[in-house]
Amino acid sequence: MKKSDENNQTAAVSSNGVLSVKGLTKRFGSNVVLDNISLTIEKGKTTVVIGPSGCGKTVLIKHFIVLLRPSSGEVYFKNQRIDNLSENELNKIRTHYGFLFQGGALFDSLSVFDNIIFPIRQHYKITDWGLVEELVKAKLAMVGLDGFQNYYPANLSGGQRKRVALARAIALNPEVILYDEPTTGLDPIRADVINELVLKLQKELGVTTIVVTHDMTSAYKIADRIIMLHNGKIIADGDAEHIRNHPHPVVQQFITGQVSEDDLAVLRMSGTISQAQFLPRDFEK
Amino acid sequence: MIELVGAKTVRGVGNIGQFARFVLQAFTASLRSFARSQTYPLIWTQMLLIGVRSVPVIMVTGAFVGMTLAVQAYDQLAGMGLEEHLGVLINISVVKELGPVLAAVMLAGRVGGALTAELGTMNVTEQIDAVKSMGTDPVFYLVAPRVLACLLLTPFLIIYADLLGILGGYFVSVIQLGINNRAYWTFSAAGVELWDVAVGVVKGFFFGGAIAAISCYKGFTCKEGAHGVGQACTEAFVASFISILALDFALAVIFKAIYNTFWPFKSLVG
């Protein structure tokens with residue numbers, strides 16, 4: 001790791017951020033997914049976590065809200081340790097967060113309106129339904145979907161589902177919004193709509209934003225800070241410029257989207273497609 | 001080999017502990033649900049899906065149990081000239097054992113499978129994590145209404161199964177096989193006590209609780225993918241079925257002991 005990345009991490013842990021993890025390690029059986037990670041997320045900034053599929057990005061983001069408990073290490077929210085709290089205590093803390101899941105995770109049996117008021121219903125006694133309708137209208141307008149209140153998730157496209165899920169994530173006016181692969185599976189235009197929404201919410205609501213993605217276009221557009229994970233460790237940490245010029249070959253390979261020589265060697269060893277053994281056309285006989 | 005057996009034992013004990021904790025959480029959350037009027041609509045919805053919509057299938061089950069018992073037992077009793085006692089045999093079997101057990105097995109298939117599939121799908125599509133991320137206890141929101149609906153309505157469903165079992169037995173015995181109507185009911189009334197009916201109905205609380213707890217647990221812990229959800233549904237039904245039979249045996253022993261203990265005092269209150 002480059003000296004500046006190490007300095008970044010050390011300095012970040014000691015600064016007064018809104019979220020931090022210290023010595024975070026997560027194992028699933030014998031598989032170490034996160035290996036002694038220390039990191040602080042600064043208030044009001046957008047931090048993007050990048051890395052290849054299966055490198056532990058989603059596992060890391062789920063630790064910030066303690067949907068997963070660390071194997072070892074600590075998680076802090078506003079200087080309060082939260083990884084050792086009971087589920088009941090955590091439920092109070094979690095109202096400060098909004099979480100956009102990769103597939104949206106909208107409740108299939110509820111309409112768009114009911115999905116958005118779900119967190120409000122759970123934490124407040126609703127007496128003025130007119131006010132709630134106005135609130136839902138405003139949240140949907142923020143994501144450009146006003147008028148979709150009576151639709152069901154099954155009637156929405158992938159991009160619309162993510163936008164509704166985002167409206168639900170901001171229903172309680174969270175201080176922190178966590179995005180898990182917000183642009184995955186969307187066409188470039190829809191993906192850019194989501195990017196603009198992330199920027200808009202951060203600008204208008206002043207929220208602290210953490211985005212997990214492997215979409216570099218999205219990362220460069222929205223990030224104040226980019227962190228790259230590889231083999232359970234942080235190998236790069238800095239702004240977009242720092243990442244673009246990073247000397248680590250894995251970082252360069254990832255951000256340019258080029259296959260490595262090792263992967264090419266494996267492909268060469270497996271032979272050409274014409275040499276592949278297909279079933280004979282008369283295999284039914 | 002020893003290592004393998006040891007690992008499986010440790011995993012098995014771990015799973016039992018996890019299930020016991022889940023059951024405790026589910027029943028605590030169910031009790032808390034009573035205190036929060038906001039959860040009542042969720043409970044009504046589950047009561048409709050689990051209870052009301054199961055009535056037809058439970059009634060059909062009960063009716064066939066009664067009719068089959070009549071057909072099977074008639075020849076044996078008629079051979080001894082005791083065919084007028086057929087009502088006692090049918091009705092006591094239906095209200096005490098076959099009605100509750102078969103109604104519960106039918107519920108395990110109809111309701112248990114649906115609960116596991118629904119919660120399992122929610123689990124693999126991160127909807128349960130979404131409930132958690134919004135500061136809500138998923139056991140309170142998703143499990144408690146289902147447990148309460150099963151717990152409260154299974155006894156009523158058993159009453160329906162009993163009723164149709166009795167009518168089915170009557171139909172075959174009196175209408176089809178020509179047993180004297182008055183004798184049929186007189187012997188039935190003499191042989192079946194309120195206690196027998198109550199035992200069958202009380203079993204419903206235990207069967208309902210077991211079906212809901214097992215099905216919800218399997219849904220919450222199901223593995224990724226369509227195969228994972230399918231496997232969880234199968235496991236839920238098998239575990240519910242075995243639990244119903246085991247509970248039936250345990251409750252039969254307990255109720256018999258209670259009956260024998262308090263039987264001598266019956267004349268004091270009767």
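Predicted model: local features only at pLDDT ≥ 70, side-chain atom pairs only at ≥ 80, totals over all residues.
Biologist: Thanks! Which helix joins strand 7 and strand 8 of chain A in a right-handed β-α-β unit?

Modeller: Strand 7 covers residues 176–180 of chain A and runs parallel to strand 8, with 5 bridges between them. One bridge pairs Leu178(A) with Ile210(A) of strand 8.

Biologist: Which residue stands opposite Val49(A) in strand 8 of chain A?

Modeller: Strand 8 of chain A also pairs with strand 3, residues 46–50, in the parallel sense over 4 bridges. There, the residue opposite Val49(A) is Val212(A).

Biologist: Is strand 8 of chain A largely enclosed or open, and how many of its residues are buried?

Modeller: Thr208(A), Ile210(A) and Val212(A) point one way, Thr209(A) and Val211(A) the other, and all are buried. In a regular strand the side chains alternate between the two faces of the sheet. Strand 8 of chain A is largely enclosed by the rest of the structure, because its buried residues number 5 of the 5.

Biologist: Within what arc do the buried residues of helix 5 of chain A fall?

Modeller: In helix 5 of chain A, Val136(A), Lys139(A) and Leu140(A) are buried. They line one face of the helix, because seen down its axis they fall within an arc of 95°.

Key. Residues numbered from 1 in each chain as written. Chains lettered and ligands numbered in written order. Buried ≥ 20, exposed ≤ 12 C-beta atoms within 10 Å, placed from the backbone. Helix = DSSP H or I, 4+ residues; strand = E, 2+ residues; numbered from the N terminus. Pairing = 2+ DSSP bridges. Arc of directions from axis to C-beta.
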